[in-house]
Structures are given as structure tokens and as C-alpha cells.
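Reader: Hey, I'm new to reading protein models. Can you walk me through this one?

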Amino acid sequence: MRDKLRQLDETYLDLMIGILLGGVLSAILGMIITRGDLRYLIGAVVGLIAAWTMITTMMVSIQKSVMMDTNQASRHMIISALIRYVVTLVILYVMIKLSMSAFIAALVGLLSSKFAAFLQKPVHEHITKKILQE
């Protein structure tokens, strides 16, 4: 398992751990605040999965763009970003149709990637390095 983790980019692994921590923390706090609203939990899980997927597709897009020429890479990144924005809007639209608590939870889950980016350095120092050590 550690060998597979070592093959991943460390920054990507830091972001994944940060998203997981932020998403789980927001889901737990939200479930306490909403007194166990199942729609909030659904929104939190959808937001967490969406944030994880967005970061993964972003990493793949960057890796592909590095191998392209400048114009092609620029176009590829713009198209990839637009697809991510549209998917985000669709997810938020579906969640707001479900309920306001699901919408808020999905929004917080999607923003967990921003939280993870902000905390990337401490996550790397305190968690990722310990996971990757032998």
C-alpha cells in the first residue's frame, strides 16, 4: 500500500487527505447542527466526492497539458476548467432542488478543496510524511 502511495504526487496526496479531513469534519459538525438531517449528510457526501473528483481531474489535466504545446495546452486547460465549473453548477442545482441543507452541505464539501489547499503544508508535515515513512 505504501508503494502505491509513494507513486502519487505528494501534493496531490496532501490535498486528498485535507479534503477528507475537511469533508468529514464539516459533515460531523453539520449533522450535529441539523440534528441528524439525512439530506445534509447526502449533500456532504456528494460535495466531498465532487471535490475529490475535481482535484483528480485537475491533476490529470495538468499532467496532460505539460506534454502539449503552448496553444493546445492552454485550450485543454480552459476546456477542462469549464467542464469542472458546469459539473459544479449541476451538482449545486440538484442539491438545492433536494433541500437547502443539502445545498449548503454540498457547497461546504466542494469548498473543502480550498480548505485542503490552505492547510496543505501542515498536512504534509504532520500526516503525509508519517504515512510515507517506512
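Reader: Okay, starting with pockets: how much space lies in the second largest pocket?

Author: The second largest pocket holds about 150 Å³ of space. Keep in mind while you look that this is a predicted model.

Reader: Got it. Which residues line the second largest pocket?

Author: Its lining is made of Asp9, Thr11, Tyr12, Leu15, Ile55, Met58, Met59, Ile62 and Gln63. By type, the lining of the second largest pocket splits into 6 nonpolar, 2 polar and 1 charged.

Reader: And which helix gives the largest share of that lining?

Author: That's α3, with 5 residues. Both α2 and α3 supply at least two residues each to the lining of the second largest pocket.

Reader: So what's the volume of the largest pocket?

Author: About 320 Å³. The largest pocket has 15 lining residues, and Met54, Tyr85, Thr88, Ser113 and Lys114 are the ones nearest its centre.

Reader: Which helices supply at least two residues each there?

Author: For the largest pocket, they are α3 (38-66), α4 (70-98) and α5 (100-118). Of the helices, α5 gives the most to this lining, namely 6 residues.

Reader: How do the lining residues of the largest pocket divide into nonpolar, polar and charged?

Author: You get 11 nonpolar, 2 polar and 2 charged in the largest pocket's lining.

Reader: Let me zoom out a bit. How many helices and strands does the protein have?

Author: There are 6 helices and 0 strands. Reading from the N terminus, the order of elements is α-α-α-α-α-α.

Reader: What about the surface: which residues form the nonpolar patch?

Author: The patch is formed by Leu20, Val24, Leu25, Ile28, Leu29, Ile32, Ile33 and Trp52, and together they have about 780 Å² of accessible area. Helix α2 (residues 10-33) contributes the largest share of the patch, 7 residues.

Reader: Are aspartate 37 and arginine 39 buried or partly exposed?

Author: Aspartate 37 counts as buried, because its relative accessibility is 18% and buried means under 20%. Arginine 39 counts as partly exposed, with 41%.

Reader: Someone told me to look at arginine 35. What is its phi?

Author: Arginine 35 has a positive phi of about 60°, although it isn't a glycine. For context, most residues other than glycine have a negative phi.

Reader: Where is the place of arginine 35?

Author: You'll find arginine 35 in the loop between α2 and α3. Arginine 35 is exposed, with a relative accessible area of 79%.

Reader: Is glycine 43 buried or exposed?

Author: Glycine 43 is buried, since its relative accessibility is 0%. This glycine lies in helix α3. Along the chain, glycine 43 and methionine 58 are 15 residues apart, and their C-alpha atoms are separated by 22 Å.

Reader: Last one, about spacing. How far apart in space are valine 45 and alanine 27?

Author: From C-alpha to C-alpha, valine 45 and alanine 27 are 7.9 Å apart, while in sequence they are 18 residues apart. Valine 45 is in helix α3, and it is partly exposed with a relative accessible area of 40%.

Reader: And what about valine 46 and glutamine 72, how far apart are they?

Author: Valine 46 and glutamine 72 are 26 residues apart in sequence and 32 Å apart in space, again C-alpha to C-alpha. Valine 46 is placed in helix α3, and at 26% relative accessibility valine 46 counts as partly exposed.

How values were computed: Residues are numbered from 1 along each chain as its sequence is written. This is a predicted model: local features need pLDDT of at least 70, side-chain atom pairs count only at pLDDT 80 or more; totals for chains, interfaces and linings use all residues. Side-chain values use heavy atoms; hydrogens and water are left out. Patches are made of residues with over 30% relative accessible area and no salt bridge: like charges are joined within 9 Å, nonpolar side chains (Val, Leu, Ile, Met, Phe, Trp, Tyr) within 5 Å. Accessible areas come from the Shrake-Rupley method with a 1.4 Å probe; for residues, only the protein chains shown count as cover. A salt bridge is a side-chain nitrogen of Lys or Arg within 4 Å of a carboxyl oxygen of Asp or Glu. Helices (H or I, at least four residues) and strands (E, at least two) are DSSP runs, numbered from the N terminus. On a 1 Å grid over the protein atoms alone, a cavity is a set of points where a 1.4 Å probe fits but cannot get out, and a pocket is an open set with protein on both sides within 12 Å along at least five of seven lines; lining residues have an atom within 4 Å of a point. Grid points are joined across faces, edges and corners, and a volume is the space filled by probe spheres set on the points. Ala, Val, Leu, Ile, Met, Phe, Trp, Tyr, Cys and Pro count as nonpolar, Asp, Glu, Lys and Arg as charged, and the others, Gly among them, as polar. Buried means under 20% relative accessible area, exposed over 50%, partly exposed in between (1.4 Å probe, protein chains only).
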